[in-house]
Every structure is written in C-alpha cells, then in structure tokens.
Amino acid sequence: MSLQVINHYERLLDEHAWMQDGFHWTVARTGTLPPSIEEIGARLSRSAEAGVEEEVDVAAGADHFIPRSAVSVDRQKEGYFLFQNQDCGVDEPAVLQELSEKDERAWSLTSILYKHKFTYAVDGEIRLKWRAIPHGDRPIAHDPVDEDLSFVLDVCREANIRFGLAALMAVIDIGSGVRMDINWPHAPRPAVIIDDPIW
C-alpha cells in the first residue's frame with residue numbers, strides 16, 4: 001500500500017511540474033472534524049486579522065498579485081492541510097506548535113529547488129526537524145513518525161526507488177490520513193488571507 005501512496009505523489013508532482021520549484025505543505029491531524037477555515041485562520045496569526053477568500057488559484061505565484069500570506073486550505077475527515085507555493089509561513093515552528101496543541105499532530109514539508117525540510121510536532125512541541133533527504137542517520141522523535149519514516153524508507157529500498165519528495169509526502173499521508181488529491185492543485189481553492197506575515 002505504501003508504494004501506491006508514493007506512486008500517487010510521484011504522479012501528482014509530474015502532473016504539476018511547477019511544484020518542483022517550491023512549496024510549503026503543512027498537515028494537521030485532528031482525529032475529528034477539522035475546525036472551520038475561519039478558526040484555522042485565527043490559529044495561523046496572532047498579529048493580524050485573517051480573512052477568507054473562497055477561490056484563490058493554488059498555482060499562482062507572486063507575479064499573479066496573490067497576497068504574500070495566502071494560505072490555501074483543504075479540510076478532510078481526519079484533519080486538514082495548508083499549502084503555500086511561495087513565501088514561507090506554514091512551516092514556522094510557532095505555527096506548528098499552535099496547530100499541534102491538544103493532542104493533535106502536525107507535519108510540515110518545505111521543498112525549495114529540490115532541498116527539503118521535514119518538521120513534525122505533537123502536543124505543542126517540535127519533536128523532529130530534518131533538513132535533508134536521508135542517506136543514513138536521522139533525528140529520532142521517539143514517536144510513530146519514526147515508524148512511518150522507517151517503513152517508507154524500507155519500501156523505497158525494496159522497490160529500488162529514491163527516497164525523495166514523493167516519499168516524504170507519503171510519510172505524511174500515511175501518518176495523518178490526510179491526502180493531497182492529484183487534481184487538487186488544478187482549481188481555485190478556499191484560502192486564508194493574512195495581510196501581515198504569519199506570526
């Protein structure tokens with residue numbers, strides 16, 4: 001099954017080549033129905049009011065006049081994810097700590113020109129930060145995220161495929177139960193709009 005999940009994200013990245021330039025993907029597992037987009041916006045910034053736009057082009061960059069802090073949101077049964085394809089924000093430690101409070105878990109993956117940063121938080125605490133594709137030793141979080149990472153890494157070794165961006169996305173998918181559909185980046189999506197930088 002995990003190989004199917006990796007293949008899913010390989011197809012997604014092939015379908016949306018612009019994602020290879022860079023994006024920020026943060027996933028929160030709530031285990032129950034996720035909060036409203038307005039509530040998510042309130043958790044994303046304590047320094048500015050967060051508005052909601054019903055349709056923001058996910059693939060648009062800064063040259064398309066999208067505000068700096070436009071954060072696309074996707075709510076699902078097990079949680080939600082936040083997506084930015086330009087300036088960073090949803091991977092800030094303060095944001096991840098906020099999103100992972102009250103027994104919730106948060107994963108964040110930032111990929112800029114093939115350099116990746118993977119962060120994991122639970123109970124308001126950053127448990128793992130990782131700034132490279134693994135080729136050996138890696139930080140240990142003493143948490144199920146370790147099992148997910150090891151499992152996907154073993155699948156990649158057995159299938160003789162690279163443990164790259166698609167595999168890291170699969171780790172988050174498997175751990176959270178939240179998935180980015182292949183067609184998700186095609187259409188305008190609801191977004192939280194924050195005038196000031198996040199946090």
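A: Let us start with one residue. This is a predicted model. Ala106 counts as buried, because its relative accessibility is 0%. The cut-off for buried is under 20% relative accessible area.

Q: Where is Ala106 found?
A: Look in strand β5, residues 105–112.

Q: Which residues is Ala106 in contact with, leaving aside neighbours within four places in sequence?
A: Contact means heavy atoms within 4.5 Å. Ala106 is in contact with Val27, Ala28, Leu96, Leu99, Ser100, Thr119, Tyr120 and Ala121. Distance along the sequence and distance in space are separate things to read. Take Ala106 and Thr30: they are 76 residues apart in sequence, and their C-alpha atoms are 9.0 Å apart in space.

Q: What share of the contacts with a separation of 6 or more comes from residues 24 or more positions apart?
A: Such residues account for 70% of those contacts in the protein.

Q: Now the whole chain. How many helices and strands does the protein have?
A: The secondary structure comes to 5 helices and 8 strands. Read their order from the N terminus: α-β-α-β-β-β-α-β-β-β-α-α-β. As for burial, 53% of the 199 residues count as buried.

Q: How do I read a nonpolar core, and which residues of the largest one touch the most other members?
A: A core is a set of buried nonpolar residues joined through side-chain atoms within 4.5 Å. The largest one here has 38 residues. Trp25, Phe83, Phe118, Leu149, Phe163 and Met180 touch the most other members.

Q: Which elements each supply at least two residues of this core?
A: They are α1, β1, β4, β5, β6, β7, α4 and α5. Helix α5 gives the most, with 8 residues.

Q: Let me zoom in on Trp25. What is Trp25 in contact with, leaving aside neighbours within four places in sequence?
A: Its contacts are Tyr9, Phe81, Leu82, Phe83, Trp107, Ser108, Leu109, Met169, Ile172 and Met180.

Q: Next, aromatic rings. How many aromatic pairs are there?
A: Rings pair if their centres lie within 6.5 Å. By this rule there are 8 aromatic pairs. One of them is Tyr9 with Trp25: the centres are 5.9 Å apart, with 50 degrees between the planes, and the pair is tilted. This pair links distant parts of the chain. Tyr9 sits in helix α1 and Trp25 in strand β1 (residues 22–29), 16 residues apart.

Q: Are Tyr9 and Trp25 buried or exposed?
A: Tyr9 is buried, with a relative accessible area of 0%. Trp25 counts as buried too, at 0% relative accessibility.

Q: Why is the pair of Phe83 and Trp184 called edge-to-face?
A: Planes over 60 degrees apart count as edge-to-face. The planes of Phe83 and Trp184 are at 70 degrees, so this pair is edge-to-face. Their ring centres are 5.7 Å apart. The two residues are 101 residues apart in the chain. Phe83 lies in strand β4 (residues 79–84), and Trp184 in the loop between α5 and β8 (189–194). Phe83 is buried at 1% relative accessibility. Trp184 is buried as well, with a relative accessible area of 3%.

Q: Which residues form one aromatic cluster?
A: Tyr9, Trp18, Phe23, Trp25, Phe81, Phe83 and Trp184 do.

Q: Now backbone angles. Where is Asp123 found, and what is its phi?
A: Asp123 is in the loop between β6 (115–122) and β7 (125–130). Its phi is near 55 degrees, a positive value in a residue other than glycine. Asp123 is partly exposed, with a relative accessible area of 42%.

Q: What about the phi of Asn160?
A: Phi of Asn160 is near 55 degrees, also a positive value in a residue other than glycine. Asn160 lies in the loop between α4 (144–159) and α5. Asn160 counts as exposed, because its relative accessibility is 72%, and the cut-off for exposed is over 50%.

Q: Last, pockets. How many residues line the largest pocket, and which lie nearest its centre?
A: The lining has 12 residues. Gln20, Arg162, Gly164, Leu165 and Ala166 lie nearest the centre. Helices α1 (2–15) and α5 (165–176) are the elements that give two or more residues to the lining. The pocket holds about 160 Å³ of space. Sort the lining by type: 7 nonpolar, 3 polar and 2 charged.

Conventions:
Residues numbered from 1 in each chain as written. Predicted model: local features only at pLDDT ≥ 70, side-chain atom pairs only at ≥ 80, totals over all residues. Heavy atoms only, no water. 1 Å grid on protein atoms, 1.4 Å probe; cavity = no way out; pocket = protein on both sides within 12 Å on 5 of 7 lines; lining within 4 Å. Points joined across faces, edges and corners; volume = space filled by probe spheres on them. Helix = DSSP H or I, 4+ residues; strand = E, 2+ residues; numbered from the N terminus. Nonpolar A, V, L, I, M, F, W, Y, C, P; charged D, E, K, R; others polar. Buried < 20%, exposed > 50% of the residue type's maximum accessible area, 1.4 Å probe, protein only. Phe/Tyr/Trp six-rings, centres within 6.5 Å; stacked < 30°, edge-to-face > 60°.
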